[in-house]
Amino acid sequence: MIFLTIGTQLPFDRLVEAMDKTAEQIEEPVFGQIGRSSYTPKNFLYADHLAPSEFESYFAEARLIVAHAGIGTILTASRLQKSLALMARSGELSEHRNDHQFSTLKQMRELQGIYEIENADSLWRVASHSALKTMSSCPSPARLALISSIKSLISAGPTPTLR
Amino acid sequence: MPQIHVLAIASGGGHWEQLMLLRPAFDNAAVSYVSTSKAHAEHAGIANCILMQDCNQDEPRKLAAGLLQSLRIVRKTKPDVAISTGAAPGLLCLFWARIHGARTIWVDSIANAEKLSLSGRIALRFCTIVITQWRHLANGDRPRYMGSIL
């Protein structure tokens, strides 16, 4: 099962439409939380809103999560060790206030289990992949770097006192 | 050489989770933890966690109480280094720690992917080091990108 989630704040018709095109071409069932989209899916079941327990349930059950590049979704996928296909919301297309999701995605796509998608074609490629990697519970290189940096900073001790 | 004493502060929830993920950084130090949630501390198996009342900028009375509590905590623990992953209670502790000559480290939450948090922006004014977990939010040395928990 593939679970689509676009967040609760803003519509994301471009992603919902890409999921719809892909759903038509694959066997796997798809369920979507599509919020305030004006695009109506024809090839998968959807709800505009899900209660937290329902959301968690779909998320946990899915083989693949398809989502906007929101940090909340990424943290949930990390916690549940899921495979995540992410499309960044564009500020230019009024999908968000600005382009920060592109920056988010640029850093996050380094992580195991995160796949970057731009359109229906790239989404189809990820969705039809039989052996997707999942987000790992092991510390990433980025986390190890942060830990190591903080350890060094601590070893310097207190700040020198001014006379 | 005497062991370095670290004061590590985080509010409950995501801030605390991130602090817990950074624990290996404290391996060579003596650590005193401060949290706003006893349950979180117990869940992480931390004995003697100092508890502080939660507070934020929307409740001035609680903020004032927090200011006093954090001063007491810093006076009692006399840390060499103080580090916080947020939120406001952590900032208050870092403030007093700075005044008492400690090295102060603010780690902005990974949740702030669009811009530095308000507390983080205030931290820029006085903390020894301010860290963002997003490369695109780094601004030279203040704030610095040094990695991220994800």
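1. Which side chains of chain A and chain B meet in a salt bridge at 2.8 Å, N to O? They are those of Glu110(A) and Arg135(B). The model is a predicted one, and the pair should be read with that in mind. Across the interface of chain A and chain B, the rule finds two salt bridges.

2. On the extent of the interface: 31 residues of chain A are in contact with 36 residues of chain B. The area buried between the two chains is about 2,900 Å², and carbon and sulfur atoms give 67% of that area. Residue pairs in polar contact between chain A and chain B, both at pLDDT 80 or more, come to 12.

3. On the elements of chain A that take part: helix 3 (71-80), helix 4 (100-108) and helix 6 (141-155) each supply at least two residues of the side that touches chain B. Helix 6 of chain A gives the largest share, 11 residues. By residue type, the side of chain A that touches chain B divides into 15 nonpolar, 12 polar and four charged residues.

4. On the cysteines: the count of disulfides over all chains is zero. For Cys127(B), the closest cysteine sulfur is that of Cys93(B), and because the two sulfurs are 11 Å apart, they are too far from each other for a bond. A disulfide would need the sulfur atoms within 2.5 Å.

5. On the setting of two cysteines: is each buried or exposed? Cys127(B) counts as buried, at 3% relative accessibility. Cys138(A), with a relative accessible area of 53%, is exposed.

Conventions
Residues numbered from 1 in each chain as written. Chains lettered and ligands numbered in written order. Predicted model: local features only at pLDDT ≥ 70, side-chain atom pairs only at ≥ 80, totals over all residues. Heavy atoms only, no water. Contact = heavy atoms within 4.5 Å. Buried area = accessible area lost by both parts, 1.4 Å probe. Salt bridge = Lys/Arg side-chain N within 4 Å of Asp/Glu carboxyl O. Polar contact = N/O pair within 3.5 Å; in protein donor to acceptor, adjacent residues only side chain to side chain. Helix = DSSP H or I, 4+ residues; strand = E, 2+ residues; numbered from the N terminus. Nonpolar A, V, L, I, M, F, W, Y, C, P; charged D, E, K, R; others polar. Buried < 20%, exposed > 50% of the residue type's maximum accessible area, 1.4 Å probe, protein only.
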